[in-house]
Amino acid sequence: MSLGVVMLVHTAFNRAEQVARHWAAAGCPVVIHVDRKVPDPTCAAFRAACKDEPLIRFSDRFTCHWGGWGIVRATQSASEMMLNAFPDVHHVFLSSGACLPLRPVAELIDYLAQRPRVDFIESATTADVSWTIGGLDQERFTLRFPFSWRKHRKLFDVHVKLQRALGLRRRIPDGLVPHMGSQWWCLTRQTLSAILQDPKRKTYDRYFSRVWIPDESYFQTLARMYSTHIESRSLTLSKFDFQGRPHIFYDDHLQLLRRSDCFVARKIWCEADRLYQSFLKDQSGALERAEPNPGKIDRVFSKAVERRTRGRDGLYMQSRFPRHGSENGLTCFPYSVFQGFAELFDDFAPWLTDCTGTRVHGHLFDPERAEFVDGASVINGALSDCATLRDYNPTAFVSNLIWNTRGERQCFQFSPRDTQKINWFFARDRNAQISVITGAWAIPLFRSNRDFADIRAEAARLQQIETKQLEVLNSVWTKARVRTWTLAEFVESPMEALQTVIDEIGTQPHGHLTKAPTMVDLSGFGQFLQNLKNQGMHPYLMGDFPADDVFGTKLRPFPKPYLVQ
């Protein structure tokens, strides 16, 4: 025998027995430590189930808490029994009851036999690692931790802050350079016995028993003092999420685990019958011999972490509701918002559909109802045109609309008459293309048959709303693509502006526009604005309109087709 296995077990004893027998069947002695917290009858039953296998032994029991010294003490005890009871063991492999061999044990034995003096233990200084969670790197070796981080979190935090404030520090024993790494190692007999038989072991044990999470630093530090050849990596595949919690492997991870070429993996779900059946059988010739390479599946885990932390653009879930300013994209696909175009052109929506092939809605935030395309009352995703439902959460309304129609660009109208609670959402959304003709809201007033006093009051209200909206769109926080024209600027050169907007949408390849939508008759609009001024209301958002005729001539609709040379 050349390989011995130390197992730390605290639950799922049927699986622990199954794996222990698998190791023993390959000629590897197994020493099992059962957590002291496990009831005595349960432990006795587990021992009785394994008593027929001479290569399985049980060490003294210690109470093990997460991040506590008991885990190291349990490992020491089991390792001492392994070295004393099985003198032919050359390497000792530390595992848990949730570990599962992925390749034939004979391959691992041959792999270690070819490297008789190599210690496989992840060991790096705090300055060289970035995986620590909780903000304690070097401090875990210089502060005291009398309180459990899991059971007494508030006391733990207060005690750490107090030590920092008072400048209290522990002295690191002479000759020790603290290292950290994975708990799961495979050490040679020479290195492991040197650690356990060191004359200064009491000093080192006393020091590390006050270190935070000593199971990830005790052997990792002391191995550096005695090993002649360290491979700073673990032979056990273990992955952790962004919170420092281990990933659990299930049945559907079978192919992923095979791709890793690793010898052992943790944590395996105790009910993953398919994994245990696939790997705990004779695999001779089933897999090609290869160097363990967990990096081959790192890309999958990186994507999983990104999906967990960032989510998908524009998808809102109850389990990952976004914090303001921290969302991974407010929407999932580009869309266009047009303000003032429907007021200036009679047939803007059908014209835009013909030019771009997009779905063009009306005023989705009209106070009465959401004006879906073709007058629909319900659209993709069972979104209703009910204004009450829409205004309950307008940002979710837009996000859901874009998500449920992703792949097809949506265009819709907006105006100061519409619900304004959505303005900041549009401004902050990098997928939004917002085109605004300022002051175009005055055209429906100009064409209406209302009393002039009512028109003046409504004009003052709409101008104030649009002014506040423009402040939002011009904010430093705006990420949307925003283009604004005054009404006078747009009417002076409409085709150039329309060409720019169509090019930005870019849904269909085309050259210059050959036709334009029909512009409303603005004859007398300049005098209308002057009348507003005469009544004490200053309409400044429209630009410089002469009081007689706009640009000195009567505005007429564009001819069709409108050819641009």
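Predicted model: local features only at pLDDT ≥ 70, side-chain atom pairs only at ≥ 80, totals over all residues.
β15 covers residues 410-414. The strand is largely enclosed by the rest of the structure, because 5 of its 5 residues are buried.

β15 pairs with strand β11, residues 335-339, in the parallel sense, and 5 bridges connect the two. Within this pairing, Q339 is placed opposite F414 of β15. β15 also pairs with β12, again in the parallel sense, over 3 bridges. Here R359 faces Q410 of β15, and V360 stands opposite C411. In general, strands of a sheet pair through backbone hydrogen bonds, either parallel or antiparallel.

β12 spans residues 359-363. As 5 of the 5 residues of β12 are buried, this strand too is largely enclosed by the rest of the structure.

## R390 in helix α14

R390 belongs to helix α14, which runs over residues 387-392. Its relative accessibility is 1%, so R390 counts as buried, the cut-off for that class being under 20% relative accessible area.

Leaving out residues up to four places away in sequence, R390 touches L364, F365, D366, P367, R369, A370, F397 and T419.

An open sheet of 3 strands has the order β5-β10-β9, and its pairing is mixed. Its edge strands are β5 (100-101) and β9 (236-237), each of which pairs on one side only.

β9 and β10 run parallel and are joined by 2 bridges. Strand β10 consists of residues 264-265. Across this pair, T236 is found opposite V264 of β10.

## Backbone exceptions

Most residues other than glycine have a negative phi, and most peptide bonds are trans. Several sites in the chain depart from this pattern.

The peptide bond from R266 to K267 is cis, and its omega is near 0°. K267 is located in the loop between β10 and α10, the latter being residues 273-279.

I213 is not a glycine, yet its phi is positive, at about 55°. This residue sits in the loop between α7 (201-208) and α8. I213 counts as buried because its relative accessibility is 7%. D374, also a residue other than glycine, has a positive phi near 60°. D374 lies in the loop that runs between β12 and β13, with β13 at residues 378-379. With a relative accessible area of 79%, D374 is exposed. Thus I213 is a buried residue with positive phi, whereas D374 is an exposed one.

## T221 in helix α8

Helix α8, residues 218-226, contains T221. T221 has a relative accessibility of 2% and so counts as buried.

Apart from neighbours within four places in sequence, the contacts of T221 are L176, V177, P178, H179 and F208. Of these, F208 is in helix α7, residues 201-208.

## Crossing of α18 and α21

Helix α18 takes in residues 452-473, and helix α21 takes in residues 525-534. Their axes come within 11 Å and cross at roughly 85°. The two helices are therefore roughly perpendicular to each other, a class that runs from 65 to 115 degrees.

On the α18 side, the contact is made by F452, I455, R456 and A459. These residues meet F528, N531 and L532 of α21. By class, the residues of the contact divide into 5 nonpolar, 1 polar and 1 charged.

## The chain as a whole

The chain has 565 residues, and 50% of them count as buried. Its secondary structure comprises 21 helices and 17 strands.

Among contacts between residues at least 6 apart in sequence, 76% join residues at least 24 apart. The accessible surface comes to about 27200 Å², and carbon and sulfur atoms account for 50% of that area.

Key: Residues numbered from 1 in each chain as written. Heavy atoms only, no water. Helix = DSSP H or I, 4+ residues; strand = E, 2+ residues; numbered from the N terminus. Buried < 20%, exposed > 50% of the residue type's maximum accessible area, 1.4 Å probe, protein only. Contact = heavy atoms within 4.5 Å. Areas by Shrake-Rupley, 256 points an atom, 1.4 Å probe, with all protein chains shown as cover. Pairing = 2+ DSSP bridges. Axes fitted to C-alpha atoms, helices over the stretch in contact; angles between N-to-C directions. Parallel < 35°, antiparallel > 145°, perpendicular 65-115°, else oblique. Nonpolar A, V, L, I, M, F, W, Y, C, P; charged D, E, K, R; others polar.
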